[in-house]
Amino acid sequence: MAELTIEGRNIALRERGTGSTVICLHSSSSHSGQFKPLIEALCSDHSVVAPDMHGYGRSASLPRDGLPWF
């Protein structure tokens, strides 16, 4: 699993394939693992990226200072 850091916060993500990019964003209390079958189906023709949103999976949680962070 890949990881990137933005302003000191780690974001874990799954990356696979080449071609046009498809970004899979979970909107539940799950993580990027829910997209494994979809990633496998698309990766032969597409570059698929599926991050773990903040506080889920292997990504760092959001700060608790109440300020928005992007």
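Two strands count as paired if DSSP finds at least two bridges between them. Helices (H or I, at least four residues) and strands (E, at least two) are DSSP runs, numbered from the N terminus. The model is predicted, so local features need pLDDT of at least 70 and side-chain atom pairs count only at pLDDT 80 or more, while totals for chains, interfaces and linings use all residues. Residues are numbered from 1 along each chain as its sequence is written, and side-chain values use heavy atoms, with hydrogens and water left out.

**Sheet**

- β1 and β2 run antiparallel and are joined by 5 bridges.
- Ala2 has Leu13 in β2 as its bridge partner.

**Salt bridge**

- Arg16 and Glu40 form a salt bridge, with the closest N and O atoms 2.5 Å apart (a side-chain nitrogen of Lys or Arg within 4 Å of a carboxyl oxygen of Asp or Glu).
- Arg16 lies in strand β2 (residues 9-16) and Glu40 in helix α1 (residues 36-42), so the pair ties together parts 24 residues apart in sequence.

**Accessibility**

- Arg16 counts as partly exposed at 39% relative accessibility (buried is under 20% relative accessible area, exposed over 50%, partly exposed in between, with a 1.4 Å probe and protein chains only).
- Glu40 is also partly exposed, at 47%.
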